[in-house]
Structure formats: C-alpha cells, structure tokens
Amino acid sequence: MSSDFESYEQDFGTTTAELTNKIGRIPKLSGEEKTQLILNVDKQLEEVRELMEQMDLEVREIPIQSRAMYNGRLKSYKQELEKLEKDFKRSRIAYSDEVRHELLGDDGGSSEGQRAHLLDNTERLERSSRRLEAGYQIAVETGVLTHTCLFMPWR
C-alpha cells in the first residue's frame with residue numbers, strides 16, 4: 001500500500017518541480033509562447049490535483065497505525081499545491097501589471113513592492129499557522145498532550 005503512495009510522491013515531486021520552473025518563466029514570455037505555457041501549466045496542475053486524489057485514496061487504505069504519518073505528508077503536499085496555484089496566478093498577473101505600467105507610465109513600483117512584500121508575509125504567516133495546527137493535531141492524535149497542556153491562545 002505505502003509503495004503506491006511513495007510512487008505517487010515521486011510523481012508529485014517531479015511534476016511540481018517542472019511546474020515551479022514553468023511558472024517562473026511565465027512573466028518573461030509574451031504572445032503565443034506565453035499562452036501555450038499557461039495552457040501547459042493549467043493541464044499539469046490538473047494532473048497534480050488528480051494525483052492528490054489518488055494519494056488521498058491510498059492513505060484511506062493504509063492501516064490506522066501508519067495513517068497519521070501519511071496524512072501529515074499528504075497535508076503538506078496539498079499546501080504545496082495551493083502555493084503553486086497562488087504562484088501561477090501571481091505570475092500571470094505580474095505580466096499584465098508590467099504591461100499596464102508600461103502603457104500608462106505609472107510609477108507605482110514602490111506600492112507594487114509593498115504589495116508583494118505584504119503578500120509574501122501573509123503567505124509566510126499562513127504557512128506557519130498551518131504548521132502549528134498540523135503539529136498540534138499530531139500531538140493530539142498521538143496523545144502527547146495532556147488536559148493541562150490543551151490551552152492554545154490562538155484557538
């Protein structure tokens with residue numbers, strides 16, 4: 001059972017590495033080449049979503065004793081997919097912002113820099129929160145926490 005999951009993990013790693021590379025190239029392209037790359041990335045993102053569904057099904061078949069570990073890994077992969085989708089959306093917007101600034105002669109570079117910085121910090125905060133939640137969930141599932149340690153100020 002876990003060998004299928006590990007095979008899916010390898011596919012996930014390979015595909016997401018390719019996607020990261022392609023998403024990084026999108027803002028630098030234009031015209032038909034950009035359109036083709038966007039369509040290709042859309043298709044690969046759909047493949048990754050399907051792969052995630054297969055991984056989820058595999059986790060459900062794993063014995064309960066090992067399931068928590070695989071659920072944690074799957075949750076991490078889902079977060080990585082969400083990040084890729086955000087990066088893809090941002091890369092498409094980045095190009096259109098550049099064209100708009102070029103055409104209109106806007107000098108909004110400082111506000112754009114602040115906006116990008118704010119988005120990066122917000123994403124970092126969200127990732128940290130998700131990691132804390134995942135750690136807390138694992139601690140609860142494994143029985144590490146006692147009733148005296150269950151107070152969590154952010155809940």
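Guide: Let us begin with charged side chains. The structure holds ten salt bridges, a salt bridge being a side-chain nitrogen of Lys or Arg within 4 Å of a carboxyl oxygen of Asp or Glu. This is a predicted model, in which local features need pLDDT of at least 70 and side-chain atom pairs count only at pLDDT 80 or more, while totals for chains, interfaces and linings use all residues. Residues are numbered from 1 along each chain as its sequence is written, and side-chain values use heavy atoms, with hydrogens and water left out.

Visitor: What separates the N and O atoms of E46 and R49, and where in the fold do these residues lie?

Guide: E46 and R49 meet through their side chains in a salt bridge of 2.9 Å, N to O. They are three residues apart in helix α2, so about one helical turn separates them. Helices (H or I, at least four residues) are DSSP runs, numbered from the N terminus. E46 is partly exposed at 37% relative accessibility, and R49 is partly exposed at 28%. On this scale, buried means under 20% relative accessible area, exposed means over 50%, and partly exposed lies in between, with a 1.4 Å probe and protein chains only.

Visitor: Which salt bridge does K86 form?

Guide: K86 pairs with E126, and their closest N and O atoms are 3.2 Å apart. This pair links distant parts of the chain, with K86 in helix α3 and E126 in helix α4, 40 residues apart. K86 is partly exposed at 35% relative accessibility, as is E126 at 33%.

Visitor: Which residues does E123 contact beyond its sequence neighbours?

Guide: Contact means heavy atoms within 4.5 Å. With neighbours within four places in sequence left aside, E123 is in contact with K86 and R90. The helix that holds E123, α4, covers residues 109–142.

Visitor: Let us turn to aromatic rings. How many aromatic pairs are there?

Guide: Rings of Phe, Tyr and Trp (its six-membered ring) pair if their centres lie within 6.5 Å; planes under 30 degrees apart count as stacked, over 60 as edge-to-face and the rest as tilted. By this rule there are two aromatic pairs. F5 and Y70 form an edge-to-face pair, 4.9 Å centre to centre with 80° between the planes. F5 lies in helix α1 (residues 2–25) and Y70 in helix α3 (residues 64–104), so the pair ties together parts that are 65 residues apart in sequence. F5 is buried, with a relative accessible area of 0%, and Y70 is buried at 6%. The ring centres of F12 and Y77 are 4.8 Å apart and their planes are at 50°, so that pair is tilted. F12 in helix α1 and Y77 in helix α3 are 65 residues apart, and both are buried.

Visitor: Which residues touch the most other members of the largest nonpolar core?

Guide: A nonpolar core is a set of buried Ala, Val, Leu, Ile, Met, Phe, Trp, Tyr and Cys residues joined through side-chain atoms within 4.5 Å. Among the 23 residues of the largest one, V41, L45, M52, M55 and F88 touch the most other members. Helices α1, α2 and α3 each supply at least two residues of this core, and α2 gives the most, with nine. Apart from neighbours within four places in sequence, F88 contacts I23, I26, I38, V41, D42 and L45.

Visitor: Is S91 buried or exposed, and what lies 2.8 Å from its side chain?

Guide: S91 is buried, at 6% relative accessibility, and lies in helix α3. The backbone oxygen of F88 lies 2.8 Å from a polar atom of the S91 side chain. Beyond four places in sequence, S91 is in contact with I23, I26 and P27.

Technical notes: A polar contact is a pair of N or O atoms within 3.5 Å; within protein, one must be able to donate a hydrogen and the other to accept it, and residues adjacent in sequence count only if both atoms are side-chain atoms.
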